[in-house]
Amino acid sequence: MTLSGRQARPVEAIERLEFRSRLRVAREPLWQWITSLKGIAAEMRPLLGMSAPPGIRGLADVDITVGVPLFSCQLWLFGVFPIDHLELTLRSMRPGHGFVEQSPMKLMRLWRHERTIVESAPGAVDVELVDQLEFQPVSSPRHAVAGRPF
């Protein structure tokens with residue numbers, strides 16, 4: 001209970017996920033793909049779609065200042081229903097190696113995506129792509145099921 005006598009909502013825990021993918025590709029072509037809007041769209045499909053301003057095909061088309069939003073995006077469920085808006089923001093960037101994207105979103109208290117390319121040996125044609133996600137929804141699906149609003 002709070003001082004007003006209302007039931008306090010539980011604070012949702014920060015969720016953490018890690019994905020590791022071994023790929024038979026050199027670092028540079030992989031970097032070009034994972035920082036292109038075409039590559040991002042392919043990874044998100046069919047569940048999500050993401051808009052971008054006209055003329056932007058990837059991070060190479062944007063002046064990057066770490067910590068400053070690059071551009072605004074709309075997220076679309078199944079590419080049809082608008083579900084969120086975000087300001088695409090990089091917290092760190094190592095071209096050819098990785099980045100940390102931490103963008104303000106309406107549906108998330110926290111969204112952080114760290115993506116790193118790890119070569120097995122310098123110049124190798126097999127790499128490991130490591131994705132580490134941290135997120136904290138504004139409200140969990142179980143609250144919605146229980147009749148509580150998002």
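What share of the contacts in the protein with a separation of 6 or more is accounted for by residues 24 or more positions apart? The points below begin with the answer.

1. Contacts. Residues 24 or more positions apart account for 46% of the contacts in the protein with a separation of 6 or more, a contact being heavy atoms within 4.5 Å.

2. Basis of the note. This is a predicted model, in which local features need pLDDT of at least 70 and side-chain atom pairs count only at pLDDT 80 or more, while totals for chains, interfaces and linings use all residues. Residues are numbered from 1 along each chain as its sequence is written, and side-chain values use heavy atoms, with hydrogens and water left out.

3. Secondary structure. The protein has three helices and eight strands, ordered β-α-α-β-β-β-β-β-β-β-α from the N terminus. These elements are DSSP runs numbered from the N terminus (helices: H or I, at least four residues; strands: E, at least two).

4. Surface and burial. Of the 150 residues, 31% are buried; buried means under 20% relative accessible area, exposed over 50%, and partly exposed in between (1.4 Å probe, protein chains only). The accessible surface comes to about 9,600 Å², and carbon and sulfur atoms hold 60% of that area. Accessible areas come from the Shrake-Rupley method with a 1.4 Å probe, and for residues only the protein chains shown count as cover.

5. A salt-bridge network. A salt bridge is a side-chain nitrogen of Lys or Arg within 4 Å of a carboxyl oxygen of Asp or Glu, and the count by this rule is eight. E18, R20 and E128 are linked in a network of such bridges. E18 pairs with R20 at 2.8 Å, N to O, and E128 pairs with R20, with the closest N and O atoms 3.0 Å apart. The latter pair links distant parts of the chain, with E128 in strand β8 and R20 in strand β1 (residues 15-23), 108 residues apart. E128 counts as buried because its relative accessibility is 15%, whereas R20, at 48%, is partly exposed.

6. Residue D131. D131 lies in strand β8 (residues 127-137) and counts as buried because its relative accessibility is 8%. Its side chain joins that of H113 in a polar contact of 2.6 Å. Such a contact is a pair of N or O atoms within 3.5 Å; within protein, one must be able to donate a hydrogen and the other to accept it, and residues adjacent in sequence count only if both atoms are side-chain atoms. Leaving aside residues up to four places away in sequence, D131 touches L17, E18, F19, H113, E114 and R115.
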